Structures are given as structure tokens and as C-alpha cells.
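The following note sets out numbered points on the model shown below. Please read each point alongside the coordinates.

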Amino acid sequence: MELKKVLKIYSLLALLLTGCYKPMDALRDIYKAEMRYPKVVSDYVGEHFPCNPRTDSLIKIDTLYKDIEVICPPSDTLYDTINQIATKIITRPVKKYISIPSKTITITKYVQDSAKIRSLSLANSQTQLELKKCSEQKEKKSNWILWLVIALFCSLLLNVIQIKK
């Protein structure tokens, strides 16, 4: 009889000491393994979560006009085709502004690692399961509340009938 009590206490104590394997424990074990055997951890991670980067790029092309100052050389001679006279005109250099189109191309690239994508997809699937579970619970509770409202209505109806008699 005494032996059974001792066995029960030891088994209960063993259950309490072993506990559950929590995410924090898993993270601690990963850090420990990384410190002792980094090659094994890197091989495992590379095998199960290969680096397949997904690239999204956004290309934006913009056309701007730049104004450039151009100095035109003076014209030395002026030739008249009708009278066949060449006259020499001395002028100053002329400044002119010319608009030249220039293209600006902006390329923005977003690179995501496959491990991050896998982690987010796992988190998404877990939240989808939790959402489904919660919606089922809500439906069950709403059905239960509906029956309570019907029972309350019937009870009130019976009370009204008893008062009238």
C-alpha cells in the first residue's frame, strides 16, 4: 500500500518535471546546437529551407526636360544669293536655351528569402485553422443562445397564459 503511494508521487513528480516542449525550449536547443555544431545546423537549414529568393521589381520611367545654355558662335559672313555679294558682319556670341529630354529610370527590387516566406506561410495556415475553429465555436454558441431565447419566449408565453386564467 505504501509502495503504491510512493509510485504515484514519483510518477506525478516525473510528469511535472518533464512538462511540455515549448517554443522557447526549441529556440534554446537551436542556439545550443548552433554554438556547438554550426555546420550541422547550417546544412539542416539549407536542406529544409533552401534560399530561393523571390524578386519583385518595380520599374518607373520618367522623362524630364533639362534646359541647357548654348553659346552660338558669331556669324562671320553673310552671303546674298540674289546679288552675289558677301558681306562681313561682326556680332557677339548669342546665348540660347535649349530643352533636351532626359530619361530617369528608377528600379526598385524587393528580395525575400524562402525561409521567411515559409515561416510566414506556416503562420498564415495556423491562423486560418484558428479562425476556422473559432468560427465553429461561435456557431455552436449562437445555436445554444438561440435555443435559450426560444425557451425564454415559451416560458413568458406560458406565464402570460397562466396570468389570464
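1. Ile61 belongs to strand 1, which spans residues 54-72; strands here are DSSP runs of E with at least two residues, helices are runs of H or I with at least four, and both are numbered from the N terminus. Ile61 counts as exposed, at 54% relative accessibility.

2. The model is predicted: local features need pLDDT of at least 70 and side-chain atom pairs count only at pLDDT 80 or more, while totals for chains, interfaces and linings use all residues. Residues are numbered from 1 along each chain as its sequence is written, and side-chain values use heavy atoms, leaving out hydrogens and water.

3. The protein chain contains four helices and four strands, in the order α-α-α-β-β-β-β-α from the N terminus. Of its 165 residues, 1% count as buried.

4. Which residues line the largest pocket? The lining consists of Leu27, Ile30, Ala33, Val40, Val41, Tyr44, Val45 and Phe49. Helix 2 (23-36) and helix 3 (38-48) are the elements that give two or more residues to this lining, and helix 3 gives the most, with four. The lining divides into eight nonpolar, no polar and no charged residues. The space in the largest pocket is about 150 Å³. A pocket is an open set of points on a 1 Å grid where a 1.4 Å probe fits, with protein on both sides within 12 Å along at least five of seven lines; lining residues have an atom within 4 Å of a point.

5. On the surface, Val6, Tyr10, Leu13 and Leu17 form a nonpolar patch with about 420 Å² of accessible area together. Patch members have over 30% relative accessible area and no salt bridge, and nonpolar side chains are joined within 5 Å. Val6, in helix 1 (residues 2-18), is partly exposed, with a relative accessible area of 31%.

6. The count comes to one salt bridge, defined as a side-chain nitrogen of Lys or Arg within 4 Å of a carboxyl oxygen of Asp or Glu. The side chains of Asp25 and Arg28 form this contact, at 3.3 Å from N to O. Both residues lie in helix 2, three residues apart, about one turn of the helix. Arg28 is partly exposed, with a relative accessible area of 49%.

Technical notes:
Grid points are joined across faces, edges and corners, and a volume is the space filled by probe spheres set on the points. Ala, Val, Leu, Ile, Met, Phe, Trp, Tyr, Cys and Pro count as nonpolar, Asp, Glu, Lys and Arg as charged, and the others, Gly among them, as polar. Patches are made of residues with over 30% relative accessible area and no salt bridge: like charges are joined within 9 Å, nonpolar side chains (Val, Leu, Ile, Met, Phe, Trp, Tyr) within 5 Å. Accessible areas come from the Shrake-Rupley method with a 1.4 Å probe; for residues, only the protein chains shown count as cover. Buried means under 20% relative accessible area, exposed over 50%, partly exposed in between (1.4 Å probe, protein chains only).
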